[in-house]
Amino acid sequence: MGIHFRGWGTAVPDRIVTNDELSATLDTTDEWIFERTGIRERRVGGSAGTLGLAAAQRALEDAGVTADTIDFVVLATTTPDNLIPATAPTIAAALGINAPAIDVNAACSGFMYGVRVASGLAATGASRMLVIGAEHLSRWTDWNDRTMAVLLGDGAGAAVIDAVDGPGDVLSFDLGSDGSLAHLLRCEHGGTIWMDGKEIFRRAVRIIVESAERAMSDAGVTSDQLALVIPHQANVRIISAACQRLGVDMDRAIVVLDRFGNTSSASIPLAVADARQRELLVAGDYVLMTGFGAGMTWASAVVRWSP
Ligand code: UT7
(Lines give C-alpha, C1' and ligand atoms only; values in the text may rest on other atoms or scores of the structure.)
Protein backbone atom coordinates (compact mmCIF):
# COMPACT_ATOMS: atom_id res chain seq x y z
CA MET A 1 0.00 0.00 0.00
CA GLY A 2 1.01 3.60 -0.58
CA ILE A 3 -0.53 6.94 0.38
CA HIS A 4 -2.13 9.71 -1.62
CA PHE A 5 -2.52 13.33 -0.46
CA ARG A 6 -6.20 13.89 -1.21
CA GLY A 7 -6.76 17.37 0.23
CA TRP A 8 -5.03 20.17 2.09
CA GLY A 9 -6.11 22.97 4.44
CA THR A 10 -4.46 25.67 6.53
CA ALA A 11 -5.38 28.14 9.25
CA VAL A 12 -3.51 31.07 10.77
CA PRO A 13 -4.62 33.61 13.37
CA ASP A 14 -5.84 36.98 12.07
CA ARG A 15 -3.46 38.95 14.30
CA ILE A 16 -0.32 39.98 12.38
CA VAL A 17 2.75 41.04 14.37
CA THR A 18 5.25 42.88 12.18
CA ASN A 19 8.97 43.27 12.78
CA ASP A 20 8.38 46.98 13.38
CA GLU A 21 5.88 46.15 16.11
CA LEU A 22 8.43 43.93 17.85
CA SER A 23 11.08 46.62 17.46
CA ALA A 24 8.93 48.95 19.54
CA THR A 25 9.45 46.80 22.66
CA LEU A 26 12.63 44.84 21.89
CA ASP A 27 16.18 45.92 21.09
CA THR A 28 15.87 44.80 17.46
CA THR A 29 15.04 46.15 14.00
CA ASP A 30 13.15 45.10 10.90
CA GLU A 31 16.51 45.16 9.04
CA TRP A 32 18.21 42.77 11.48
CA ILE A 33 15.30 40.33 11.55
CA PHE A 34 14.78 40.31 7.78
CA GLU A 35 18.47 40.10 6.89
CA ARG A 36 19.28 37.35 9.42
CA THR A 37 16.10 35.28 9.03
CA GLY A 38 13.96 36.37 6.06
CA ILE A 39 10.98 36.99 8.38
CA ARG A 40 8.82 40.10 7.88
CA GLU A 41 5.84 39.24 10.07
CA ARG A 42 4.21 36.38 11.94
CA ARG A 43 0.67 35.44 13.10
CA VAL A 44 -0.14 35.21 16.79
CA GLY A 45 -3.20 33.71 18.51
CA GLY A 46 -5.55 30.75 18.69
CA SER A 47 -4.34 27.42 20.03
CA ALA A 48 -3.12 24.13 18.58
CA GLY A 49 -6.69 22.87 19.05
CA THR A 50 -8.55 25.74 17.36
CA LEU A 51 -6.05 26.27 14.54
CA GLY A 52 -5.69 22.52 13.97
CA LEU A 53 -9.48 22.12 13.81
CA ALA A 54 -9.88 24.94 11.28
CA ALA A 55 -7.10 23.55 9.08
CA ALA A 56 -8.61 20.05 9.31
CA GLN A 57 -12.07 21.30 8.29
CA ARG A 58 -10.57 22.98 5.23
CA ALA A 59 -8.58 19.87 4.32
CA LEU A 60 -11.74 17.72 4.50
CA GLU A 61 -13.57 20.23 2.32
CA ASP A 62 -10.68 20.35 -0.15
CA ALA A 63 -10.61 16.54 -0.27
CA GLY A 64 -14.37 16.43 -0.79
CA VAL A 65 -14.84 13.86 1.98
CA THR A 66 -16.79 13.82 5.23
CA ALA A 67 -15.23 13.48 8.67
CA ASP A 68 -16.92 10.12 9.32
CA THR A 69 -14.71 8.52 6.65
CA ILE A 70 -11.52 9.30 8.63
CA ASP A 71 -10.20 6.30 10.50
CA PHE A 72 -7.15 7.82 12.22
CA VAL A 73 -6.19 11.34 13.31
CA VAL A 74 -2.54 12.31 13.86
CA LEU A 75 -1.83 15.77 15.25
CA ALA A 76 1.79 16.86 15.05
CA THR A 77 2.38 19.52 17.66
CA THR A 78 5.05 20.60 20.07
CA THR A 79 2.61 22.97 21.80
CA PRO A 80 -0.48 20.88 22.69
CA ASP A 81 -3.28 22.69 24.50
CA ASN A 82 -2.63 20.63 27.64
CA LEU A 83 -0.23 17.99 28.89
CA ILE A 84 -3.27 15.76 29.49
CA PRO A 85 -5.33 15.06 27.47
CA ALA A 86 -3.72 15.06 24.03
CA THR A 87 -5.18 17.69 21.68
CA ALA A 88 -5.92 15.31 18.77
CA PRO A 89 -8.99 13.67 20.40
CA THR A 90 -10.47 17.14 21.09
CA ILE A 91 -10.05 18.10 17.42
CA ALA A 92 -11.46 14.72 16.36
CA ALA A 93 -14.50 15.16 18.62
CA ALA A 94 -15.18 18.63 17.23
CA LEU A 95 -15.17 17.07 13.76
CA GLY A 96 -17.49 14.27 14.91
CA ILE A 97 -14.78 11.63 14.62
CA ASN A 98 -14.52 8.77 17.14
CA ALA A 99 -11.57 7.10 15.44
CA PRO A 100 -8.18 6.86 17.19
CA ALA A 101 -6.52 10.25 17.60
CA ILE A 102 -2.98 10.86 18.82
CA ASP A 103 -0.51 13.70 19.27
CA VAL A 104 2.98 13.30 17.85
CA ASN A 105 5.73 15.59 19.11
CA ALA A 106 8.70 15.73 16.77
CA ALA A 107 8.95 19.54 16.85
CA CYS A 108 9.58 21.06 13.41
CA SER A 109 9.83 17.61 11.78
CA GLY A 110 6.40 16.82 13.22
CA PHE A 111 4.23 17.07 10.12
CA MET A 112 6.50 14.73 8.15
CA TYR A 113 6.58 12.34 11.13
CA GLY A 114 2.76 12.43 10.98
CA VAL A 115 2.83 11.57 7.28
CA ARG A 116 5.22 8.69 8.04
CA VAL A 117 2.82 7.41 10.72
CA ALA A 118 -0.05 7.64 8.20
CA SER A 119 1.99 5.67 5.70
CA GLY A 120 2.55 2.93 8.29
CA LEU A 121 -1.15 2.93 9.19
CA ALA A 122 -2.05 2.54 5.52
CA ALA A 123 0.21 -0.50 5.34
CA THR A 124 -1.69 -2.07 8.26
CA GLY A 125 -5.23 -1.51 7.02
CA ALA A 126 -6.28 2.11 7.69
CA SER A 127 -7.91 3.62 4.62
CA ARG A 128 -8.17 7.36 5.31
CA MET A 129 -6.14 9.49 7.73
CA LEU A 130 -6.10 13.09 8.79
CA VAL A 131 -2.62 14.46 9.51
CA ILE A 132 -2.48 17.90 11.10
CA GLY A 133 0.45 20.12 12.10
CA ALA A 134 -0.65 22.85 14.51
CA GLU A 135 1.32 25.13 16.80
CA HIS A 136 0.71 27.78 19.42
CA LEU A 137 4.35 28.74 19.88
CA SER A 138 3.51 32.29 21.03
CA ARG A 139 2.23 30.83 24.30
CA TRP A 140 5.72 29.51 25.10
CA THR A 141 7.62 32.51 23.81
CA ASP A 142 9.39 34.96 26.12
CA TRP A 143 8.31 38.20 24.46
CA ASN A 144 11.19 40.00 26.21
CA ASP A 145 13.80 37.71 24.61
CA ARG A 146 14.75 39.18 21.24
CA THR A 147 16.64 36.06 20.24
CA MET A 148 13.43 33.96 20.22
CA ALA A 149 10.49 36.37 19.97
CA VAL A 150 11.38 37.49 16.45
CA LEU A 151 11.46 33.92 15.10
CA LEU A 152 8.27 32.13 16.09
CA GLY A 153 4.66 32.22 14.92
CA ASP A 154 1.36 30.34 15.28
CA GLY A 155 -0.49 28.40 12.59
CA ALA A 156 -1.72 25.06 11.30
CA GLY A 157 -1.89 22.92 8.19
CA ALA A 158 -3.58 19.59 7.52
CA ALA A 159 -3.78 16.87 4.90
CA VAL A 160 -6.36 14.18 4.22
CA ILE A 161 -4.36 11.11 3.24
CA ASP A 162 -5.83 8.03 1.53
CA ALA A 163 -4.32 4.57 1.45
CA VAL A 164 -3.90 3.45 -2.17
CA ASP A 165 -2.73 0.33 -3.96
CA GLY A 166 0.75 0.66 -5.42
CA PRO A 167 3.55 3.04 -4.51
CA GLY A 168 1.33 6.12 -4.05
CA ASP A 169 2.62 9.69 -3.85
CA VAL A 170 5.47 9.21 -1.37
CA LEU A 171 8.39 7.46 -3.06
CA SER A 172 10.71 7.47 -0.04
CA PHE A 173 11.12 8.63 3.53
CA ASP A 174 14.20 9.40 5.60
CA LEU A 175 13.51 10.05 9.28
CA GLY A 176 15.81 10.10 12.27
CA SER A 177 16.63 11.56 15.63
CA ASP A 178 19.65 12.33 17.81
CA GLY A 179 18.61 12.85 21.42
CA SER A 180 22.18 13.65 22.43
CA LEU A 181 21.42 17.10 20.94
CA ALA A 182 18.31 17.66 23.10
CA HIS A 183 19.98 20.53 24.95
CA LEU A 184 20.20 22.69 21.80
CA LEU A 185 16.49 23.57 21.66
CA ARG A 186 14.22 23.13 24.65
CA CYS A 187 11.28 24.31 26.72
CA GLU A 188 10.87 22.99 30.23
CA HIS A 189 7.46 22.60 31.93
CA GLY A 190 6.17 26.09 32.62
CA GLY A 191 9.16 27.66 30.88
CA THR A 192 9.75 29.38 27.56
CA ILE A 193 11.45 28.20 24.39
CA TRP A 194 15.23 28.54 24.29
CA MET A 195 17.75 27.51 21.67
CA ASP A 196 21.40 27.68 20.74
CA GLY A 197 20.59 29.29 17.39
CA LYS A 198 24.09 29.23 15.94
CA GLU A 199 24.66 25.55 16.69
CA ILE A 200 21.18 24.56 15.45
CA PHE A 201 21.82 26.53 12.26
CA ARG A 202 25.11 24.74 11.61
CA ARG A 203 23.68 21.28 12.26
CA ALA A 204 20.39 21.96 10.45
CA VAL A 205 22.06 22.59 7.10
CA ARG A 206 24.10 19.40 7.39
CA ILE A 207 21.13 17.31 8.55
CA ILE A 208 18.80 18.56 5.80
CA VAL A 209 21.37 17.85 3.09
CA GLU A 210 22.24 14.36 4.39
CA SER A 211 18.61 13.39 4.97
CA ALA A 212 17.48 14.77 1.60
CA GLU A 213 20.29 12.92 -0.19
CA ARG A 214 19.28 9.63 1.45
CA ALA A 215 15.60 10.17 0.57
CA MET A 216 16.47 11.08 -3.04
CA SER A 217 18.78 8.09 -3.39
CA ASP A 218 16.05 5.73 -2.08
CA ALA A 219 13.54 7.24 -4.51
CA GLY A 220 16.00 7.06 -7.42
CA VAL A 221 15.58 10.81 -7.99
CA THR A 222 18.40 13.31 -8.47
CA SER A 223 18.32 16.93 -7.30
CA ASP A 224 18.09 18.26 -10.87
CA GLN A 225 14.85 16.27 -11.26
CA LEU A 226 13.23 18.07 -8.29
CA ALA A 227 10.60 20.57 -9.41
CA LEU A 228 10.26 21.95 -5.89
CA VAL A 229 11.79 21.78 -2.43
CA ILE A 230 9.29 22.34 0.37
CA PRO A 231 11.46 22.80 3.46
CA HIS A 232 10.75 23.52 7.11
CA GLN A 233 10.62 27.30 7.51
CA ALA A 234 13.13 28.29 10.21
CA ASN A 235 15.46 30.70 8.44
CA VAL A 236 15.79 31.58 4.76
CA ARG A 237 19.59 31.39 5.15
CA ILE A 238 19.27 27.74 6.23
CA ILE A 239 17.02 27.00 3.23
CA SER A 240 19.39 28.73 0.85
CA ALA A 241 22.54 27.04 2.26
CA ALA A 242 20.86 23.62 2.07
CA CYS A 243 19.61 24.23 -1.49
CA GLN A 244 23.04 25.38 -2.59
CA ARG A 245 24.62 22.19 -1.24
CA LEU A 246 21.92 20.06 -2.86
CA GLY A 247 22.43 21.83 -6.18
CA VAL A 248 18.89 23.24 -6.29
CA ASP A 249 18.25 26.87 -7.33
CA MET A 250 16.49 28.94 -4.68
CA ASP A 251 13.65 29.67 -7.11
CA ARG A 252 12.69 26.00 -6.73
CA ALA A 253 12.36 26.37 -2.91
CA ILE A 254 9.09 27.44 -1.31
CA VAL A 255 9.51 30.21 1.29
CA VAL A 256 6.58 31.34 3.44
CA LEU A 257 8.47 32.29 6.61
CA ASP A 258 8.45 35.94 5.49
CA ARG A 259 4.70 35.92 6.31
CA PHE A 260 4.46 33.35 9.10
CA GLY A 261 7.85 33.05 10.83
CA ASN A 262 8.80 29.63 12.16
CA THR A 263 5.57 27.70 12.83
CA SER A 264 7.29 24.37 13.60
CA SER A 265 4.93 21.46 12.70
CA ALA A 266 2.72 23.76 10.64
CA SER A 267 5.44 25.12 8.38
CA ILE A 268 5.58 22.39 5.71
CA PRO A 269 1.80 22.22 5.11
CA LEU A 270 1.66 26.04 5.06
CA ALA A 271 4.35 25.95 2.37
CA VAL A 272 2.51 23.22 0.41
CA ALA A 273 -0.63 25.38 0.46
CA ASP A 274 1.36 28.34 -0.85
CA ALA A 275 2.81 26.24 -3.68
CA ARG A 276 -0.64 24.95 -4.60
CA GLN A 277 -2.13 28.42 -4.54
CA ARG A 278 0.60 29.67 -6.88
CA GLU A 279 -0.01 26.61 -9.10
CA LEU A 280 3.59 25.48 -8.74
CA LEU A 281 2.66 21.86 -8.09
CA VAL A 282 2.10 19.94 -11.31
CA ALA A 283 1.04 16.28 -11.67
CA GLY A 284 4.07 14.03 -11.95
CA ASP A 285 6.51 16.59 -10.47
CA TYR A 286 9.08 15.37 -7.97
CA VAL A 287 8.96 17.34 -4.73
CA LEU A 288 11.28 17.11 -1.74
CA MET A 289 9.70 17.83 1.65
CA THR A 290 12.25 18.14 4.43
CA GLY A 291 12.18 19.20 8.06
CA PHE A 292 14.43 19.28 11.12
CA GLY A 293 13.98 20.48 14.65
CA ALA A 294 14.18 19.99 18.38
CA GLY A 295 15.06 16.55 19.58
CA MET A 296 16.92 16.80 17.34
CA THR A 297 14.72 15.17 14.78
CA TRP A 298 14.68 15.20 10.99
CA ALA A 299 12.36 13.94 8.29
CA SER A 300 12.48 14.06 4.51
CA ALA A 301 10.27 12.57 1.82
CA VAL A 302 10.38 12.52 -1.95
CA VAL A 303 6.87 12.92 -3.32
CA ARG A 304 5.61 12.51 -6.88
CA TRP A 305 2.83 15.09 -6.95
CA SER A 306 -0.59 13.78 -7.88
CA PRO A 307 -3.51 16.20 -7.65
O1 UT7 B 1 12.96 25.38 13.79
C2 UT7 B 1 14.19 24.76 13.99
C3 UT7 B 1 15.05 25.42 14.95
N4 UT7 B 1 15.46 26.76 14.73
C5 UT7 B 1 16.35 27.15 13.82
O6 UT7 B 1 16.67 26.43 12.94
C7 UT7 B 1 17.01 28.49 13.92
C8 UT7 B 1 18.48 28.36 13.69
N9 UT7 B 1 19.23 29.54 13.95
C10 UT7 B 1 19.05 30.74 13.31
O11 UT7 B 1 18.17 30.87 12.49
C12 UT7 B 1 20.00 31.87 13.62
O13 UT7 B 1 21.10 31.37 14.34
C14 UT7 B 1 19.35 33.03 14.39
C15 UT7 B 1 18.37 33.77 13.50
C16 UT7 B 1 18.66 32.50 15.63
C17 UT7 B 1 20.44 34.02 14.82
O18 UT7 B 1 21.15 34.49 13.69
P19 UT7 B 1 22.74 34.55 13.72
O20 UT7 B 1 23.17 35.12 12.44
O21 UT7 B 1 23.23 33.17 14.09
O22 UT7 B 1 23.01 35.61 14.85
P23 UT7 B 1 23.81 35.42 16.23
O24 UT7 B 1 23.06 34.54 17.16
O25 UT7 B 1 25.23 35.10 15.91
O26 UT7 B 1 23.78 36.90 16.76
C27 UT7 B 1 24.50 37.96 16.12
C28 UT7 B 1 24.32 39.22 16.94
C29 UT7 B 1 24.58 39.01 18.44
O30 UT7 B 1 25.19 40.18 18.93
P31 UT7 B 1 26.79 40.23 19.14
O32 UT7 B 1 27.12 39.10 20.05
O33 UT7 B 1 27.36 40.07 17.76
O34 UT7 B 1 26.98 41.59 19.71
C35 UT7 B 1 23.20 38.89 19.02
O36 UT7 B 1 23.14 39.30 20.36
O37 UT7 B 1 22.96 39.64 16.84
C38 UT7 B 1 22.41 39.82 18.15
N39 UT7 B 1 20.99 39.51 18.09
C40 UT7 B 1 20.08 40.41 17.68
N41 UT7 B 1 20.19 41.69 17.29
C42 UT7 B 1 19.06 42.33 16.93
C43 UT7 B 1 20.36 38.35 18.37
N44 UT7 B 1 19.05 38.48 18.16
C45 UT7 B 1 18.84 39.74 17.74
C46 UT7 B 1 17.69 40.46 17.36
N47 UT7 B 1 17.86 41.75 16.96
N48 UT7 B 1 16.46 39.92 17.37
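How far is an oxygen atom of the ligand from an N or O atom in the side chain of R146? In this predicted model, where local features need pLDDT of at least 70, side-chain atom pairs count only at pLDDT 80 or more and totals for chains, interfaces and linings use all residues, the answer is 3.0 Å. Residues are numbered from 1 along each chain as its sequence is written, and side-chain values use heavy atoms, with hydrogens and water left out.

A polar side-chain atom of R36 sits 2.8 Å from a ligand oxygen, and for the side chain of W32 the distance from an N or O atom to an oxygen of the ligand is 3.4 Å. Polar contacts here are pairs of N or O atoms within 3.5 Å; within protein, one atom must be able to donate a hydrogen and the other to accept it, and residues adjacent in sequence count only if both atoms are side-chain atoms. On its own, the ligand exposes 960 Å², and the protein buries 74% of that (Shrake-Rupley areas with a 1.4 Å probe; for residues, only the protein chains shown count as cover). The ligand has 23 residues around it (a heavy atom within 4 Å), and T28, R36, K198, N235 and N262 come nearest.

Now for the rings. The whole structure holds 3 aromatic pairs, meaning Phe, Tyr or Trp rings (for Trp, the six-membered one) with centres within 6.5 Å; planes under 30 degrees apart are stacked, over 60 edge-to-face and the rest tilted. W8 and F111 make a tilted pair, because their planes stand at 40 degrees, with the centres 6.0 Å apart. Helices (H or I, at least four residues) and strands (E, at least two) are DSSP runs numbered from the N terminus. F111 is buried, at 1% relative accessible area, and W8 is buried too, at 6% (buried is under 20%, exposed over 50%, partly exposed in between; 1.4 Å probe, protein chains only).

W8 also pairs with W305: the centres are 6.3 Å apart and the planes at 25 degrees, so this one is stacked. W305 lies in the segment after strand 13 (297-304), so the pair ties together parts 297 residues apart in sequence. F5, W8, F111 and W305 form one aromatic cluster.
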